[in-house]
Amino acid sequence: MTIQKYKDYLDVGIKGQIATLEDSNIKTRNAEQAVQFGRAVVKGTTGGVDIKNIFKSKVSLTFDADFVTGNTVDIKINNISIPQVTFSISHASTFTTLISAIDALTGISAIAGTGREIIITVDNAISNITISDIVVAGGSSQAGSTTVYSSVDVFEGIVAIRHGQPIEIGGDDKYQLKDAVNVLTKGVIFVEVVDTVSYGDLVYVYNDKLNESNQGQFTNSASGNLIVSDAKFVSDATGTTGSPALAKVEINQP
């Protein structure tokens, strides 16, 4: 007979459910925003105290040519326009002015990267950073640009639902803002995957800003995602962003 329910009436294989009776470790953290069962969470404002969802909190903005006399530069960061930057003296001087204009935005940090690169980050991001409306105009030539998004978030653990808790808290399958969250750092837990994974695969937190509703689910793909150290998949599963599948992850964080 196929088991459909455990004795305490939890469904077999609920996301966030601890999957074995082996030794496990649960830490209690404060939710800085609502977090879903079975999702990865990262360190919040105060490490070791707060947790939040993972976001694309960093972007590399790279121009493909120097700024020239007559150029103006406009950029929006999270839909907020910087003051227009006008070419002055040299490319280097104008580039420095542009970095300062971005860095002056509230909650935004900007530093020079390699070559014509600017590295822009959001402090304690609670949503994805977005760079838009990059316009270099005027002058005899206009540089183009590319943007590459990543994260500076630090993995904390996986949100666990414990036996004795309702499957839904506050009418939804998540902990709410300011709830005390059970975060699994050691053990085996059911999670949702958005790719085809196999037993023994490395574990990454999915973090594609084009699929924001799936951020914090899991994959075996490194591209653009956050690695979970000391973890592996211990079951096979095939999921997609549109239809995630349940898989088991074994994790052994400090």
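I looked up Ser-57 and, leaving aside neighbours within four places in sequence, found it in contact (heavy atoms within 4.5 Å) with Ile-120, Thr-121, Val-122, Ala-125, Ile-129, Ser-150, Ser-151, Val-152 and Asp-153. Ser-57 sits in the loop between β4 (50-52) and β5. I read its relative accessible area as 0%, so Ser-57 is buried; buried means under 20%, exposed over 50%, partly exposed in between, with a 1.4 Å probe and protein chains only.

I note that the model is predicted: local features need pLDDT of at least 70, side-chain atom pairs count only at pLDDT 80 or more, and totals for chains, interfaces and linings use all residues. Numbering runs from 1 along each chain as its sequence is written, and side-chain values use heavy atoms, with hydrogens and water left out. Helices (H or I, at least four residues) and strands (E, at least two) are DSSP runs, numbered from the N terminus.

**Sheet**

I traced an open sheet of four strands in the order β9-β10-β5-β12, with antiparallel pairing; strands pair if DSSP finds at least two bridges between them. Its edge strands, β9 and β12 (145-150), each pair on one side only. I get an average twist of 20° from one strand to the next.

I then checked the individual pairs. β5 and β10 run antiparallel and are joined by five bridges. Here Lys-58 is opposite Thr-121 of β10, and Ser-60 is opposite Ile-119 of β10. Five bridges also link β9 to β10, again antiparallel, with Ala-110 facing Ile-120 of β10. The β9-β10 hairpin has four residues between the strands, and Gly-115 there has a positive phi near 65°. Five of the six residues of β10 are buried, so the rest of the structure largely encloses this strand.

**Helix α1**

I checked the length of α1 (residues 91-103) first. Its 13 residues at 1.5 Å each should span 18 Å, and the end C-alpha atoms are 18 Å apart, which agrees; the expected span is 1.5 Å times one less than the number of residues.

I listed the buried residues of α1 as His-91, Thr-94, Phe-95, Leu-98, Ile-99, Ala-101 and Ile-102. They cover an arc of only 160° around the axis, which puts them on the same side of α1; the arc is that of the directions from the helix axis to the C-beta atoms. An α-helix has 3.6 residues a turn, so residues three or four places apart point the same way. The buried residues of α1 pack against β5 (58-63), β6 (72-77), β8 (85-86), β9 (108-112) and β10 (117-122).

**Strand β22**

I followed the side chains along β22 (residues 245-252) and found that they alternate. β22 is joined to β15 (residues 180-193) by eight bridges, running antiparallel, and Glu-192 has Leu-246 as its bridge partner in β22. β20 (residues 231-233) pairs with β22 in the antiparallel sense over three bridges, with Phe-233 opposite Val-249.

**Asn-207**

Leaving aside neighbours within four places in sequence, I found Asn-207 in contact with Ile-54, Phe-55, Lys-56, Ser-151, Gln-215, Gly-224 and Asn-225.

How values were computed:
Axes fitted to C-alpha atoms, helices over the stretch in contact; angles between N-to-C directions.
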